[in-house]
Amino acid sequence: QARQQKRAQRVYLQSKLVMDENVLMAKHETAALQALVASQRSSTLSGLSAEGSSPDLFDSGSSGSGRAQVYDASFMQPELELDFTLSQPRGWLSERCALMQNGLRLEMYTLVRALHGMNVLNDGASLTELHVQEFFEWFADFALVYQAHLEWEESILVPLFRSRMVAKNAALRRLPSEEQHVKLSLRLNRMKATKAMFGHSPLHKVVKELTATTAAFVPLALITSRDKEAFEYPAMEAVGSRAQDLKALDGAMSTWWAKNIGAYKSCTLVTSICESWMSAEEREELSRRSKSTKFTHRWMAKRAETVDRKRRELVRPLLKQAAVATRYAQQEALMKTSLVSMPM
């Protein structure tokens with residue numbers, strides 16, 4: 001637990017540097033908004049320094065499932081560790097946005113583990129075309145939803161709160177995440193482009209390129225999500241109104257997903273991604289909040305569960321290889337530690 005808290009501190013401090021106050025807040029913002037962001041940072045720092053405690057930002061989720069964690073990704077880059085810890089933010093907008101952010105974290109967690117398994121099979125000359133083909137089939141859905149999510153924030157979420165800030169005479173410059181979104185889109189496109197190599201290049205070259213592009217994309221995606229949850233969503237909540245904006249956002253969100261990826265996929269694929277990280281109790285609570293009829297909700301939940309299971313089956317052989325390799329590495333590290341500690 002102490003090691004997790006230290007890692008959480010390191011991730012927070014990295015986020016704080018990226019989201020420096022001079023970048024987040026424009027010169028002519030109101031004193032009220034400045035005080036809010038300062039208070040948000042102060043309370044987060046207090047949580048980090050409190051003995052035996054960590055801020056909600058780094059909680060692993062109320063389900064306690066342990067399904068998200070720090071993963072050793074040194075197969076992509078030496079000493080690279082990726083933090084997929086689920087967020088549990090507080091706030092009327094942050095809680096809603098966490099549905100997608102946590103779902104995408106678990107998607108990227110699956111992505112990295114599947115790629116790890118692919119590298120293991122490739123090193124052992126056991127990788128087949130079917131492994132790679134099914135991976136790309138799984139990845140296509142992730143790329144579709146991730147890109148649509150970026151565009152949703154840029155087209156709906158950010159403009160709405162810019163208008164709220166104008167109404168309150170609080171000018172906000174370009175959000176840091178807007179620049180990150182451009183980089184993420186480009187890096188995601190590079191990952192998608194590796195599929196064109198499949199069938200025309202040796203498998204080991206496809207794996208090498210896919211590993212390099214994933215190493216460029218995933219760390220940036222994770223830190224961008226942390227930044228938005230720590231600073232941008234709370235700043236939006238300060239100028240927005242739950243009563244006025246939440247209903248409008250829900251309606252715009254439903255319309256957006258149905259229009260851009262189709263009504264069926266928005267009710268199955270997106271639902272499965274958003275709810276896959278929840279426990280049964282959390283899904284039940286979400287059901288109670290939903291305005292959908294019981295029949296509609298049961299239909300959506302059943303279809304989403306089916307979609308999630310079918311997609312996971314596509315990469316299950318790769319995930320199993322990654323799990324075996326991880327256990328072996330842990331046992332090897334334990335043996336080395338035991339040998340060092342043995343008396344001479």
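Helices here are DSSP runs (H or I, at least four residues), strands are E runs of at least two, and both are numbered from the N terminus. What you have open is a predicted model, in which local features need pLDDT of at least 70, side-chain atom pairs count only at pLDDT 80 or more, and totals for chains, interfaces and linings use all residues. Residues are numbered from 1 along each chain as its sequence is written, and side-chain values use heavy atoms, with hydrogens and water left out.

**The whole chain**

Follow the cartoon from the N terminus, and the elements come in the order α-α-α-β-β-α-α-α-α-α-α-α-α. Now colour by burial: 46% of the 344 residues are buried, meaning under 20% relative accessible area with a 1.4 Å probe, protein chains only. If you draw contacts (heavy atoms within 4.5 Å), take the pairs at least 6 apart in sequence: 81% of them join residues at least 24 apart.

**The second largest pocket**

Select Val 70, Tyr 71, Asp 72, Thr 326 and Gln 330, which lie nearest the centre of the second largest pocket among its 20 lining residues. A pocket is an open set of points on a 1 Å grid over the protein atoms alone, with protein on both sides within 12 Å along at least five of seven lines; lining residues have an atom within 4 Å of a point. Its volume is about 570 Å³, counted as the space filled by probe spheres set on points joined across faces, edges and corners. Helix H1 (2-18), strand E1 (70-72), H4 and H11 each give two or more residues to this lining, and H11 has the largest share with eight. Colour the lining by class to find ten nonpolar, five polar and five charged residues. Nonpolar covers Ala, Val, Leu, Ile, Met, Phe, Trp, Tyr, Cys and Pro; charged covers Asp, Glu, Lys and Arg; the others, Gly among them, are polar.

**The second largest cavity**

Four cavities of 30 Å³ or more sit in the structure; in a cavity, a 1.4 Å probe fits but cannot get out. Select Leu 106, Glu 107, Ser 276, Asp 308 and Arg 312, the closest to its centre of ten lining residues. Helices H4 (92-123), H9 (263-275) and H11 (294-341) each supply two or more, with H4 giving the most, four. This lining has two nonpolar, four polar and four charged residues.

Note on methods. Buried < 20%, exposed > 50% of the residue type's maximum accessible area, 1.4 Å probe, protein only.
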